[in-house]
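Subject: Structure for you to look at

Hi,

Here is the structure I promised to pass on. Please open it alongside this note, and I will walk you through what turned up.

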Amino acid sequence: MRMIPVLLFTLACAIGGPAAAAEKLTVYTYESFTAEWGPGPQVEKAFEAECGCDLEFVAVADGVALLNRVRLEGESTKADIVLGLDTNLTEDAKATGLFAPADIDVAAVKVPGGWSDDTFVPFDYAHFAVVYDTEKLATPPKSLKELVEGDAEEKIVIQDPRTSTPGLGLVLWVKAVYGDQAPQAWTKLKDRVLTVTPGWSEAYGLFTKGEAPMVFSYTTSPAYHMVAEDTDRYQAAPFEEGHYLQIEVAGVTKNGANNPLARQFLAFMTGPGFQDVIPETNWMFPAGQTDKPLNPAFDKLVKPTKTLLIDPAEVANNRKAWVDEWLAAMSR
């Protein structure tokens with residue numbers, strides 16, 4: 001007699017399965033986003049309060065690793081949303097065929113140069129920069145050329161462009177400035193590189209531990225130290241050639257397009273519930289609507305005189321070759 005209730009319960013679960021699945025949203029992102037000091041915990045709390053659902057973050061080391069994972073999983077990916085790619089990866093991401101149109105109102109989105117992509121939605125932005133320790137480096141480089149040709153004893157920690165969006169950003173910055181001479185620039189810069197890390201978090205951790213006087217990061221990174229640590233010790237070096245821009249984005253997968261929570265999250269991402277969290281957790285500029293003003297520390301940051309940005313289609317066509325140039329120089 002006990003088998004009948006069990007059978008009915010099993011059938012009820014089977015019938016209710018799809019509805020229950022819609023109560024959960026899975027977001028793939030990078031590790032620093034989900035760290036206890038990152039935006040993830042606050043974003044999760046705010047969105048779950050709005051949706052009455054379960055938001056689950058799945059983290060990998062960095063943005064390029066994020067794309068690599070989704071590509072590897074293919075149509076079987078459990079990601080509803082992929083958050084943490086940037087404009088240097090959007091064309092490659094579209095080429096996988098795994099992403100669906102965003103189909104949300106992006107009127108609130110504000111990024112340098114404007115936004116017109118119909119698949120991906122920005123959530124923050126900043127310019128890349130060399131951040132240095134003023135107590136260890138009296139005269140920081142004033143240009144990419146000075147970084148490349150400077151004292152080999154003054155080391156920098158950089159990220160791997162095969163796994164990290166900042167690492168790829170440095171490759172593109174060098175390409176934007178040096179063009180066909182990029183391989184020679186990498187050969188010179190190699191002597192200044194203390195180590196290459198898989199992602200931004202590892203690199204910045206080595207820098208703040210004093211392993212090197214410089215790290216490849218963002219113009220916004222010093223704001224963290226000013227606000228959280230009340231110190232001006234760590235600063236970004238303004239470069240004469242300009243600074244390469246990063247716009248970070250999120251997109252809904254084709255699997256996620258069947259989950260109504262996915263586009264609800266993208267819309268939420270452009271508003272204050274998400275955007276107010278970004279400046280003082282991800283330490284980037286918000287790309288959407290905010291209710292709170294930025295901390296005055298953001299007014300003290302380096303303001304690039306020129307923004308460098310290679311067209312995403314050109315990056316997609318050349319990324320492997322340009323990364324191979326970097327790898328050949330680093331491997332010698």
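Before the details, one term: in what follows, contact means heavy atoms within 4.5 Å. Please also keep in mind that this is a predicted model.

With that in hand, let me start at H243, which belongs to strand β9 (residues 243-252). Its relative accessible area is 1%, and because buried means under 20%, H243 counts as buried. What is H243 in contact with, once its neighbours within four places in sequence are left aside? The list runs through H127, F128 and A129, then W173 and T219, then A237 and P238, and finally V302, P304, K306, T307 and L308.

A second residue worth a look is T281, found in the loop between α12 (272-275) and β10 (285-286). Is T281 buried or exposed? It is buried, since its relative accessibility is 6%. A polar atom of the T281 side chain sits 2.5 Å from the backbone oxygen of V277. Not counting residues up to four places away in sequence, T281 touches W37, G38, P39 and Q42.

Next, a pair of helices. The axes of α8 (residues 182-189) and α13 (residues 312-331) come within 9 Å of each other, crossing at roughly 35°. That crossing is right-handed. On the α8 side, the contact is made by A182, P183, W186 and T187, while α13 brings E325, W326, A329 and M330. Six of the residues in this contact are nonpolar, one is polar and one is charged.

Finally, the chain as a whole. It has 13 helices and eleven strands. The radius of gyration is 21 Å, close to the 20 Å that the globule rule gives for 332 residues, so the chain is as compact as a globular protein of that length. Along the principal axes, the C-alpha atoms fill a box of roughly 80 × 40 × 40 Å. Buried residues account for 52% of the 332 in the chain. Of the contacts between residues at least 6 apart in sequence, 78% join residues at least 24 apart.

Best wishes

Conventions: Residues numbered from 1 in each chain as written. Predicted model: local features only at pLDDT ≥ 70, side-chain atom pairs only at ≥ 80, totals over all residues. Heavy atoms only, no water. Axes fitted to C-alpha atoms, helices over the stretch in contact; angles between N-to-C directions. Helix = DSSP H or I, 4+ residues; strand = E, 2+ residues; numbered from the N terminus. Left-handed = near helix turned anticlockwise from the far one by under 90°. Nonpolar A, V, L, I, M, F, W, Y, C, P; charged D, E, K, R; others polar. Buried < 20%, exposed > 50% of the residue type's maximum accessible area, 1.4 Å probe, protein only. Polar contact = N/O pair within 3.5 Å; in protein donor to acceptor, adjacent residues only side chain to side chain. Rg over C-alpha atoms; globule rule 2.2 N^0.38 Å.
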